[in-house]
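Hi,

Here is the structure I said I would pass on. Have a look through it first, and then read my notes below.

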Amino acid sequence: MGYKLLIVNPGSTSTKIGVYEDEKELFVETLRHSTEEISKYDTIFDQKDFRKEVIMKILKENNFKIDTLDAVVGRGGMLKPMAGGTYEINNELINDLKVGIQGQHASNLGGILANEIAKEANSKAFIVDPVVVDELEEIARISGVPELPRKSKFHALNQKAVAKRYGKESGKGYENLNLIVVHMGGGVSVGAHKLGKVIDVNNALDGEGAFSPERAGTVPAGDLVKMCCSGQYTESEIYSKIVGKGGYVAYLKTNDARDVLKAKEEGDEYASLIYDAFIYQVSKAIGEMATVLKGKVDAIILTGGIAYSPVVVENIKERTEWISKIVVYPGEDELLALAQGAIRVLNGEEKAKVY
């Protein structure tokens with residue numbers, strides 16, 4: 001018998017759960033929450049009991065008994081900067097999730113819910129590679145403005161999962177490789193992984209780096225300052241131009257990369273220009289990370305939803321394959337990645353880290 005795991009991944013209007021036996025998915029459910037349901041609660045933490053009740057109801061409907069669980073794994077939230085890995089949930093971690101030490105986000109509920117359910121099940125509770133994973137070298141933190149250090153906020157869960165997958169499949173081990181990992185979804189993050197650590201990466205959460213379907217990328221600083229001080233926009237309006245309404249949304253009124261590629265193929269010259277600029281910027285970011293690794297790159301890994309497109313992959317290859325071979329792991333199976341993080345600890349492959 002393998003390890004039985006419950007995975008909890010809260011989003012702003014949904015809670016996705018999965019039950020696994022080792023890496024085998026037993027069942028997965030996405031529990032949708034209406035705006036009316038969510039708006040009843042003043043804070044994200046206030047939603048805890050409501051979301052837990054919905055989760056327990058689904059488990060009961062699937063005749064799943066929580067006392068059979070070996071672990072409950074929650075999506076990590078906006079915690080303090082931390083090294084990558086699997087963390088056993090403790091009181092300090094829970095307290096920081098409650099107050100939202102780096103911001104309020106639905107993912108903060110992942111660890112909180114995992115902890116409560118694990119206590120009832122008498123099992124272990126973990127989080128794995130949250131968005132705030134920070135393994136930057138000190139040189140990578142320097143921005144040019146002392147008050148504005150560069151920060152590490154990115155698709156750490158998926159980047160780490162695919163990097164470890166490649167390390168295993170290649171037989172070399174993640175800790176022995178230099179990799180450039182490119183996550184392409186609603187946001188784009190490009191990380192330099194050196195011997196098991198992400199030593200440089202763009203702050204994708206705040207829209208830095210290459211532009212993407214929903215993020216503006218790094219924009220001209222002087223013009224951004226003028227826009228901020230023009231009096232025409234609120235702080236939230238400016239931020240939404242960079243995160244949420246930037247990139248493809250700003251140029252082409254869609255956040256679906258497939259729509260952009262279709263328009264290009266149908267002869268839309270403007271869509272073609274924006275698509276080509278996307279490929280150009282992502283490829284340029286890969287080149288930047290190649291210099292971080294001093295040209296010693298074992299592989300470039302393309303992942304995220306946009307990596308399903310053979311055209312995108314081929315176009316990036318045309319610009320970057322001279323650096324290193326391209327490996328493609330499309331999509332981002334977050335539930336499985338969370339399960340794998342717990343399994344590595346339960347089977348002794350890794351030690352649980354302490355927050």
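This is a predicted model: local features need pLDDT of at least 70, side-chain atom pairs count only at pLDDT 80 or more; totals for chains, interfaces and linings use all residues.

Let me start with Glu 135, which lies in the loop between β6 (124-128) and α5 (156-170); helices (H or I, at least four residues) and strands (E, at least two) are DSSP runs, numbered from the N terminus. Residues are numbered from 1 along each chain as its sequence is written, and side-chain values use heavy atoms, with hydrogens and water left out.

Glu 135 is buried, because its relative accessible area is 12% (buried is under 20%, exposed over 50%, partly exposed in between; 1.4 Å probe, protein chains only). Its side chain makes a polar contact with the side chain of Lys 160 at 2.9 Å, and a polar atom of the Glu 135 side chain also lies 2.7 Å from the backbone nitrogen of Val 198. A polar contact here is a pair of N or O atoms within 3.5 Å; within protein, one must be able to donate a hydrogen and the other to accept it, and residues adjacent in sequence count only if both atoms are side-chain atoms. Not counting residues up to four places away in sequence, Glu 135 touches Ala 83, Gly 84, Lys 160, Gly 196, Lys 197, Val 198 and Ile 199 (contact means heavy atoms within 4.5 Å).

Now the domains. The assignment gives domain 1 (4-135 + 334-354) and domain 2 (156-328); such bounds come from an automatic or database domain assignment. The C-alpha centres of domain 1 and domain 2 are 27 Å apart, and 13 residues from domain 1 and ten residues from domain 2 take part in the contact. About 990 Å² is buried between domain 1 and domain 2, with carbon and sulfur atoms giving 63% of that area. Buried area is the accessible area (1.4 Å probe) that two parts lose on being put together, summed over both. Glu 135 turns up again here: together with Asp 129 and Ala 337, Glu 135 supplies 49% of the area that domain 1 buries against domain 2, more than any other three residues.

The rule finds two salt bridges across the interface of domain 1 and domain 2, a salt bridge being a side-chain nitrogen of Lys or Arg within 4 Å of a carboxyl oxygen of Asp or Glu. The side chains of Glu 350 and Lys 164 meet in a salt bridge at 3.2 Å, N to O. Four residue pairs are in polar contact between domain 1 and domain 2, both residues at pLDDT 80 or more. Helix α12 (residues 334-346) gives the largest share of the side of domain 1 that touches domain 2, namely four residues.

Most residues other than glycine have a negative phi. Asp 129, in the loop between β6 and α5, has a positive phi near 40°, and Asp 129 is buried at 3% relative accessible area. Leu 195, in the loop between β8 (188-194) and β9, also has a positive phi, about 50°, but Leu 195 is partly exposed at 47% relative accessibility.

Last, Pro 213 sits in the loop between β9 (197-201) and α6 (221-228) and counts as buried, at 2% relative accessibility.

Cheers
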